[in-house]
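Q: Hey, can you walk me through this one? I'd like to look at it piece by piece.

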Amino acid sequence: MRRKSRMFQDPRFLKQSSLVILIFQTSSLVLMMRYSRTVASDGPRYLSSTAVVIAELLKIITCSLLVFMQEGRKRNRAQSSVSSFLSVLHRDIVSKPMDNVKIVVPAALYTIQNNLLFLALSNLDAATYQVTYQLKILTTALFSVILLQKKLDSTKWLSLVLLFVGVALVQLPAGAKSETTAITAITEATGHSMTSQIIGLVAVLCACFSSGFAGVYFEKILKGTQQSLWMRNIQLGILGALTGLFGVFVSDGEKVSKDGFFQGYNYVVWIVISLHALGGLVIAAVIKYADNILKGFATSISIILSTVISYWFLHDFVPTSTFFLGALLVMIATFLYGWERKPPVSTSTTRV
């Protein structure tokens, strides 16, 4: 029993577990989001702006329960746990207005990013979305160097280049003729014009820069303070939900007043919302036990898994030689980034 307890407290185990869960979460989220935005619906389609708000609220509830459980271990009575939980909320959130001001920046950026990703998957096919969104790895690396003064050696920079090239090859058509055929088929199947594809592309590009800056900025705040990871996410979720509600009022206020806040909701939408909320918590764990660039590699691997699942189960993708070459490059890049040079071992020995 003690050995299992030590295993769950091992930083290496926590780091690897967070990355594995993130791979699963990202793969399923992309597929479910795309499906939810393209599947035929009898009534009005659900509003992505409301889904973002509900995901933030679900994250707040989950983190609050985790904090309550942590405080409950320190107390014997439930009443003491409640009072302790409220005391922690006041100490870490209410009594620190300037800290809340700092969190407004990543909270607003994450909310904008989530809305942009819904917009992108409403206008782009999954392949274009997935390839273009990998630019967030490069933006994250750039902001890490600028904001965190993180130094990447030549091997890590090479792995970043190989990763991007590999993921791009995985998603590219076999040739120009195939590309034209694919674009024509997508346009006929989804009704997306070139204008809507441009809108989706701009949405992905903006999301990449938003993701890179917000992730690194949040990492800097998280590693620079002693505040609980879950308490920080409660703070982030509250501000994100408020920002999201403002977005609902500005962009979809008329639709909400006409058909309601939960218009078009079904079990698929609730799965997407749950995955969004889970993803936010997993990303926070990855930031604590790893870094944003490593998180990007896990996301890239999940793209390959999503493509394989699309081929075997959804039957909407046919792998080519570029797919296998790209997959190989991604695996090599992942190995290179995780590889650390060991210091030379001294040949001299000392006997006691």
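This is a predicted model: local features need pLDDT of at least 70, side-chain atom pairs count only at pLDDT 80 or more; totals for chains, interfaces and linings use all residues.

Q: Okay, so is glutamine 149 buried or exposed?
A: Glutamine 149 has a relative accessible area of 57%, so it counts as exposed.

Q: And where is glutamine 149 found?
A: Look in the loop between helix H7 (135-147) and helix H8 (154-171). Glutamine 149 also has a positive phi of about 50°, although it is not a glycine. Most residues other than glycine have a negative phi.

Q: Let's zoom out. How many helices and strands does the protein chain have?
A: There are 14 helices and zero strands. The protein chain has 352 residues, and buried ones make up 45% of them.

Q: What about the largest nonpolar core, how many residues are in there?
A: That core has 25 residues. Among those with the most contacts inside it are Met33, Phe118, Tyr129 and Ile273. Several helices each supply at least two residues of this core, including helix H2 (11-38), helix H6 (126-133) and helix H10 (194-223).

Q: Which helix gives the most to this core?
A: H5 does, with five residues.

Q: Where does H11 bend?
A: At aspartate 252, by about 90°. After H11 comes glycine 260, whose phi is positive, near 95°.

Q: Changing topic: how many salt bridges does the structure hold?
A: One. Lysine 59 pairs with glutamate 56, and their closest N and O atoms are 3.2 Å apart. In general, side chains of opposite charge can pair when their charged atoms come close.

Q: Where do lysine 59 and glutamate 56 lie?
A: Both are in helix H3 (residues 48-72), three residues apart, which is about one turn of the helix. An α-helix has 3.6 residues a turn, so residues three or four places apart point the same way.

Q: Are lysine 59 and glutamate 56 buried or exposed?
A: Both of them are buried.

Q: What else is found in helix H3?
A: Methionine 69, for one. Its relative accessible area is 48%, so methionine 69 is partly exposed. Methionine 69 and phenylalanine 85 are 16 residues apart in sequence, and 9.0 Å apart in space, C-alpha to C-alpha.

Q: Last one: which residues make the nonpolar surface patch?
A: Val308, Ile309, Tyr311, Trp312 and Phe313 make it, and the patch is about 520 Å². Phenylalanine 313 sits in helix H13 (residues 292-314).

Q: Why does phenylalanine 313 count as exposed?
A: Because its relative accessible area is 64%, and exposed means over 50%. By contrast, in soluble globular proteins, nonpolar side chains tend to be buried together.

Definitions and conventions. Residues are numbered from 1 along each chain as its sequence is written. Side-chain values use heavy atoms; hydrogens and water are left out. A salt bridge is a side-chain nitrogen of Lys or Arg within 4 Å of a carboxyl oxygen of Asp or Glu. Helices (H or I, at least four residues) and strands (E, at least two) are DSSP runs, numbered from the N terminus. Buried means under 20% relative accessible area, exposed over 50%, partly exposed in between (1.4 Å probe, protein chains only). Patches are made of residues with over 30% relative accessible area and no salt bridge: like charges are joined within 9 Å, nonpolar side chains (Val, Leu, Ile, Met, Phe, Trp, Tyr) within 5 Å. Accessible areas come from the Shrake-Rupley method with a 1.4 Å probe; for residues, only the protein chains shown count as cover. The bend at a residue is the angle between axes fitted to the seven residues ending there and the seven starting there. A nonpolar core is a set of buried Ala, Val, Leu, Ile, Met, Phe, Trp, Tyr and Cys residues joined through side-chain atoms within 4.5 Å.
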